[in-house]
Amino acid sequence: MDLLLVGLNHKTAGVEVREKLYYTLEETKEILPEIVHLFLKEGVLLSTCNRTELYGVLKSDEVKPEQIVNFLISKKEAYQIVDYSHFYIMRSYDAVRHLLEVASGIDSMLIGDVQILGQVKDAYEVAVKCGVVGTLLHQVFHTAFRAGKRAKSETSISEGAVSISYAAVELAEKIFADLSKKKGMLIGAGETAELTAKHLSSHGMSELYIANRTIERAQKLAEQFNGKVITLEEITDKLSEVDIVVSSVAVSDYILTFSQVKNAMSKRGNRPILIIDIGVPRNVEPSVKEIENVFLEDIDSLESIAKANYERRLSEIPKVQRIIDEELKNFIKWYESYQVAPTIKLLRERFEEIRQIEIEKYRNKFSPEDFQKVDALTRSLVNKLLHTPTVSIRESSNGKPESERIKFIQFVRELFGLE
């Protein structure tokens, strides 16, 4: 098979290399037709923060993968950072298997990444709109979509949060179910706290208060999450109003004590509250956890949840590999049939051409009604004569080495004078 893959990813290149060779979808629309025009019969360019991969069918044997690599680097003027050693080259079924592993999330930096399948689909759709996807890549990518979808639905490869910030969101959803009617409070503005607040807001949290020593930083986050800035002194008062607290400040004493939270719970009618303490040292007095309907999680418990989920995802990889094996086997079966189909088509067209020529010679010797009978009779005769050769040609594609298959097809073409 002529399929070629050239690419780099998080295993072969650092982030400074990957980001230099990253092509947005808009850039892909510009460059992909040019790549195909120069080097390929058809092509799809997949570029994400963790990989840039070009799948294609070479235009001729004279085109070398190195030319495509150089083109990708030169278009980004990246010779100072990116070189040939960052790339891998795969061909034929190895390239197909790699794409199936990408689409199913087991080749991702984050195993089970749920975003990658959508990114593969986006890359394919851009290529389709550019008019550079042919029969082979169409089948390759739809096989990858099926593998990715099956991996997600038939295994647990994408289940369970594997980052601290998302583990916090999962906990919030388990406690409150609907976050759209809940209010939150961010104490401090560290990276993990910001990510957690970002995930909570993206799940529809209705209001967010932000308290931070540096007001400018609090205002910046408030603008980002449509929140309201409060002073550190207002934290205690707001505690009775909010449902989720994310705290990550550097303090020597607890910023939320047992008595503060106990009083707040009394004011809020004992409604549940989730407090996520990701400060080191801890920002919330551990005994707060003993208060009824207070769910206190610290960075250790969140890391433990994330780690357990990640290990569970790793254990799902063999199941995903079995799905990939099945889909690859189906693809190989399709490809082998695809190779012999043109020969079968030519053979039938050749016989039909002969039949038409011969019966036309006798058209005037029959009445219109009898001619229709002769036409049907000869058509049936040709179909019966072609049945055995057609079956033999199709069976030649069943698991035989490609060299044997090609040899047999050439023999058939020569035998029947097919062009």
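This is a predicted model: local features need pLDDT of at least 70, side-chain atom pairs count only at pLDDT 80 or more; totals for chains, interfaces and linings use all residues.
Q: Noted. Where is I244 placed, and is I244 buried or exposed?
A: I244 is in strand 8, which covers residues 244–247. I244 has a relative accessible area of 1%, so it is buried, the cut-off being under 20%.

Q: And how far apart are the C-alpha atoms of I244 and L208?
A: They are separated by 9.2 Å, while the two residues are 36 residues apart along the chain.

Q: Why is strand 1 described as largely enclosed?
A: Because 7 of the 7 residues of strand 1 are buried, the strand is largely enclosed by the rest of the structure. L3, L5, G7 and N9 point one way, L4, V6 and L8 point the other way, and all are buried.

Q: How many bridges join strand 1 to strand 3, and how many join strand 1 to strand 4?
A: Strand 1 and strand 3 are joined by 7 bridges and run antiparallel. Strand 1 (residues 3–9) is joined to strand 4 by 4 bridges, and those two run antiparallel as well.

Q: Which residues are the partners there? Say, what stands opposite L3 in strand 3, and what are the strand 4 partners of L4 and V6?
A: L3 stands opposite V57 in strand 3. In strand 4, L4 has R91 as its bridge partner, and V6 has I89.

Q: What about strand 2, why is that one called largely enclosed?
A: Strand 2 (residues 40–47) has 7 of its 8 residues buried, so the rest of the structure largely encloses it.

Q: How many residues lie between strand 2 and strand 3 in their hairpin?
A: There are 3 residues between them. The two strands run antiparallel, with 7 bridges joining strand 2 to strand 3 (residues 51–58). One of the partnered residues is V44, whose bridge partner in strand 3 is Y55.

Q: New topic: aromatics. How many aromatic pairs turn up in the whole structure?
A: A search of the whole structure finds 13. Among them is Y124 with F141, a stacked pair at 5.8 Å centre to centre with 20° between the planes. Y124 is in helix 5 and F141 in helix 6 (residues 135–154), 17 residues apart, so to speak of this pair is to speak of a link between distant parts of the chain.

Q: Are Y124 and F141 buried or exposed?
A: Both are buried.

Q: And why does the W334 and Y338 pair count as stacked?
A: Their ring planes are at 10°, and under 30 degrees counts as stacked, so the pair qualifies; the centres are 4.8 Å apart. Both residues lie in helix 13 (residues 317–360), 4 residues apart, which is about one turn of the helix. W334 is partly exposed at 23% relative accessible area, and Y338 is partly exposed at 34%.

Q: Which residues do ring pairs link into a cluster?
A: Y93, F331, W334, Y335 and Y338.

Q: Which rings have a lysine over them, for K76 and K121?
A: The charged end of K76 sits over the ring of Y23, 4.8 Å from its centre. K121 lies over the face of F145, at 5.8 Å from the ring centre.

Q: Last one: what does the side chain of T343 make a polar contact with?
A: With the side chain of R413, at 3.1 Å. T343 is in helix 13 and counts as buried, at 0% relative accessibility. Not counting residues up to four places away in sequence, T343 touches I393, I409, V412, R413 and L418.

Notes:
Residues are numbered from 1 along each chain as its sequence is written. Side-chain values use heavy atoms; hydrogens and water are left out. Buried means under 20% relative accessible area, exposed over 50%, partly exposed in between (1.4 Å probe, protein chains only). Two strands pair if DSSP finds at least two bridges between them. Rings of Phe, Tyr and Trp (its six-membered ring) pair if their centres lie within 6.5 Å; planes under 30 degrees apart count as stacked, over 60 as edge-to-face and the rest as tilted. A charge sits over a ring if NZ of Lys or CZ of Arg is within 6 Å of the ring centre and within 35 degrees of the ring normal. A polar contact is a pair of N or O atoms within 3.5 Å; within protein, one must be able to donate a hydrogen and the other to accept it, and residues adjacent in sequence count only if both atoms are side-chain atoms. Contact means heavy atoms within 4.5 Å.
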